[in-house]
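Biologist: Before we go into details, please show me the model.

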Amino acid sequence: MSSTSSWAGGSAESGPRDQVSRLFPATVGRFDDRADRAVIEGLTRWVEDHYREDLARRPSKHVYVRTLPGPVIEQIDLLRDSPLIASLIGARVPAGSVVAPMKHTDELYMSNYNKDHGGDQGLFDRHYDGNLRFLSSSVVVRALIYLQSDATYKVVFGDSRVEKAFATYEFGLMDFHRELHWVEGHYNPADRQRILLKCNYLVTRRNAALLGRAALAANTSVFYVVKSAMEYSKSPSTPPQVAVGLLCNLFRLLNNIHPLIPLALIAAVVGALGWATGWVIGRLLA
């Protein structure tokens, strides 16, 4: 399911969580090992050097990790493949679960607190990162690894009832599809720039390879479509960008109610456009 090896999850201390589809509880951790912290500090210096202009701007910026230079990816691998993260995920999923990194979706994220009705406003408002929480065969765990951050913004994981103002070296694990979360705080240009990694892991039941591949395909498709729309419409300056930004925020609100509502709306619009196109062509050929 990925270009890297998977690992088995679960332990005797996992408790009654016998179904992968249940909410993965938000979990907070920290890199205390000196070698890990040296990696984080080195990556932060690299980002500050290579993205200096982007860091000075208000909009947020996402960069796929797979597009970064090889030596940088190798350093990031030391964090996202960390035994610390693997053990925290493994201890909170059913015994025997297969945990597969989704490295093709991992991102380097430079965050600014941005509320201008653009596509990236949803990163701070109440939202679910994904809309496939009705899938019963899998869970996607997202790791938010803070390379640099002042503890001035608080992330609230509503379903898990966990709150955390993340600082440098810390990370949070959350359920990508099932955790309603948001950011509380106010933009201050004097704050330290928030630089973090967003790394994703697909958790499936053992002996469910076919379902795992289907879940991976569904997650990847939704991920790229939503991300493209958000990136296009962040800090909108043209009418099409404004329109897409408003749609992103509308779909986010509808997804908060139920994940099938935005999908049904899209299907209805596509169906109506198809019917209208067919009607026009029929009239022209009549």
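Biologist: Which residues does H181 touch, not counting residues up to four places away in sequence?

Modeller: This is a predicted model, in which local features need pLDDT of at least 70, side-chain atom pairs count only at pLDDT 80 or more, and totals for chains, interfaces and linings use all residues. Residues are numbered from 1 along each chain as its sequence is written, and side-chain values use heavy atoms, with hydrogens and water left out. With contact taken as heavy atoms within 4.5 Å, H181 touches D125, R126, H127, Y128, D129, V156, F157, G158 and M174.

Biologist: Is H181 buried or exposed?

Modeller: Buried means under 20% relative accessible area, exposed over 50%, and partly exposed in between (1.4 Å probe, protein chains only). H181 has a relative accessible area of 6%, so H181 is buried.

Biologist: Which side chain does the side chain of H181 join in a polar contact?

Modeller: A polar contact is a pair of N or O atoms within 3.5 Å; within protein, one must be able to donate a hydrogen and the other to accept it, and residues adjacent in sequence count only if both atoms are side-chain atoms. The H181 side chain reaches a backbone oxygen at 2.9 Å, that of E179. Its side-chain partner, at 3.4 Å, is D129.

Biologist: What does K154 count as, by accessibility?

Modeller: The side chain of K154 has a polar contact of 3.0 Å with the side chain of E163. The C-alpha atoms of K154 and G185 lie 6.5 Å apart, although 31 residues separate the two in sequence. The relative accessibility of K154 is 28%, so K154 counts as partly exposed.

Biologist: How do the axes of helix 1 and helix 3 cross?

Modeller: Helices (H or I, at least four residues) are DSSP runs, numbered from the N terminus, and axes are lines fitted to C-alpha atoms over the stretch in contact, with angles from 0 to 180 degrees between N-to-C directions. The axes of helix 1 (residues 34–50) and helix 3 (residues 70–80) come within 10 Å and cross at roughly 140 degrees. Angles under 35 degrees count as roughly parallel, over 145 as roughly antiparallel, 65 to 115 as roughly perpendicular and the rest as oblique. Helix 1 is therefore oblique to helix 3.

Biologist: Which residues of helix 3 make the contact with helix 1?

Modeller: Helix 1 contributes D36, V39, I40, L43 and W46. Those of helix 3 are V72, Q75, I76, L78 and L79.

Notes. Helices (H or I, at least four residues) and strands (E, at least two) are DSSP runs, numbered from the N terminus.
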